[in-house]
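Please work through each task before reading its solution.

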Amino acid sequence: MNVYLAPMEGLADAYLREILSKAAGYDLITSEFVRVVDQLLPIRTYLTQVPELNNLSNTSNGTPVRVQLLGNHPDMMALNAQRAAELGSHGIDLNFGCPSKTVNRSKGGAVMLTDPQSIYNTVAAVRAALPKEQPLSAKMRLGYEDNSLMMECAHAIEDGGAQAITIHARTKVQGYTPPAYWHLVKDISDKLKIDKTINGDIWTLADAQQALKDSGCDHIMIGRGAIKNPKLADSIKLDQDSTAQWSSTAPLVQEFWNSITKEMSTRYCAGRLKQWLIFLKDLYPEAEILFIAVRKLTEINEIQPYIDKLV
């Protein structure tokens with residue numbers, strides 16, 4: 001059973017992927033999606049959005065990173081998949097689950113679940129463009145408004161040539177509202193022969209165990225649960241119900257802050273720190289104290305003294 005880190009737009013950027021890969025052992029990390037429209041994207045786009053490609057598509061500690069592509073033009077998706085593979089990505093992942101209204105209005109992401117044929121066409125085009133040894137996976141939700149086309153979409157991914165599928169056990173309309181309907185994925189698990197991974201509302205070891213049992217999947221993908229508890233992947237893999245102490249989490253926050261302030265704008269840095277603290281404060285009282293202290297601050301030099309006190 002493998003544990004993967006989910007692609008999370010606007011949350012799990014390269015900086016946080018680096019930190020989380022140091023905090024726990026992942027078998028694979030999927031990048032935030034690279035948006036494909038009607039052209040072959042320049043190499044610099046990939047290196048900017050997935051800088052791990054500069055390190056053989058690994059984080060600094062050797063955790064493999066897979067590029068995820070989002071788009072609805074099969075030919076362009078195929079060309080961009082070739083490019084990502086040539087740059088060294090550990091396989092290609094296709095996004096059929098993004099609930100973003102902007103993305104869906106452009107007929108990408110979860111809206112493609114209303115048209116299984118479009119999913120098949122995209123997967124098949126990408127599979128044909130890649131070397132046989134290059135892994136191809138896809139991530140989907142149960143559906144758009146409902147799950148009536150769930151099986152058709154899952155079969156489209158398998159029949160198109162993907163070797164693995166990840167299912168976020170909610171529809172687009174359900175978004176991230178609890179609960180996730182892990183049991184509905186059992187039909188997919190029973191009928192598909194490719195590797196199956198369950199995703200959605202996995203916050204604890206108990207959640208992971210129940211998700212695997214209910215869904216019949218082979219593997220686990222965690223997202224926001226890993227942001228809240230950076231050691232969750234280890235807890236799942238080692239089958240030990242434990243949470244990292246603040247004394248071991250605080251240095252991760254400090255390292256994250258120091259890395260983003262070296263390269264990003266002040267506004268971005270302040271926002272990203274607060275975004276992570278919002279998750280951490282549900283588990284760590286110390287993170288809530290820090291969040292309250294920096295909540296109204298926007299300048300790096302205002303926030304830095306609080307970060308310096310962490311360790």
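**Exercise 1.** Does Trp276 count as buried or exposed?

Solution. The model is predicted, so local features need pLDDT of at least 70, side-chain atom pairs count only at pLDDT 80 or more, and totals for chains, interfaces and linings use all residues. Residues are numbered from 1 along each chain as its sequence is written, and side-chain values use heavy atoms, with hydrogens and water left out. Buried means under 20% relative accessible area, exposed over 50%, and partly exposed in between (1.4 Å probe, protein chains only). At 1% relative accessibility, Trp276 counts as buried.

**Exercise 2.** Identify the aromatic pairs and classify their geometry.

Solution. Step 1: rings of Phe, Tyr and Trp (its six-membered ring) pair if their centres lie within 6.5 Å; planes under 30 degrees apart count as stacked, over 60 as edge-to-face and the rest as tilted. Two aromatic pairs are found.

Step 1: Trp246 and Tyr284 are tilted, with 5.3 Å centre to centre and 50° between the planes. Trp246 belongs to helix α11 (residues 246-261) and Tyr284 to the loop between α12 (266-280) and α13 (285-294), so this pair ties together parts 38 residues apart in sequence. Helices here are DSSP runs (H or I, at least four residues), numbered from the N terminus. Trp246 is buried at a relative accessible area of 13%, and Tyr284 is buried at 4%.

Step 2: Phe256 and Trp276 form an edge-to-face pair, 5.3 Å centre to centre with 80° between the planes. This pair links helix α11, which holds Phe256, to helix α12, which holds Trp276, 20 residues apart. Phe256 is buried, at 0% relative accessibility.

Definitions and conventions:
Helix = DSSP H or I, 4+ residues; strand = E, 2+ residues; numbered from the N terminus.
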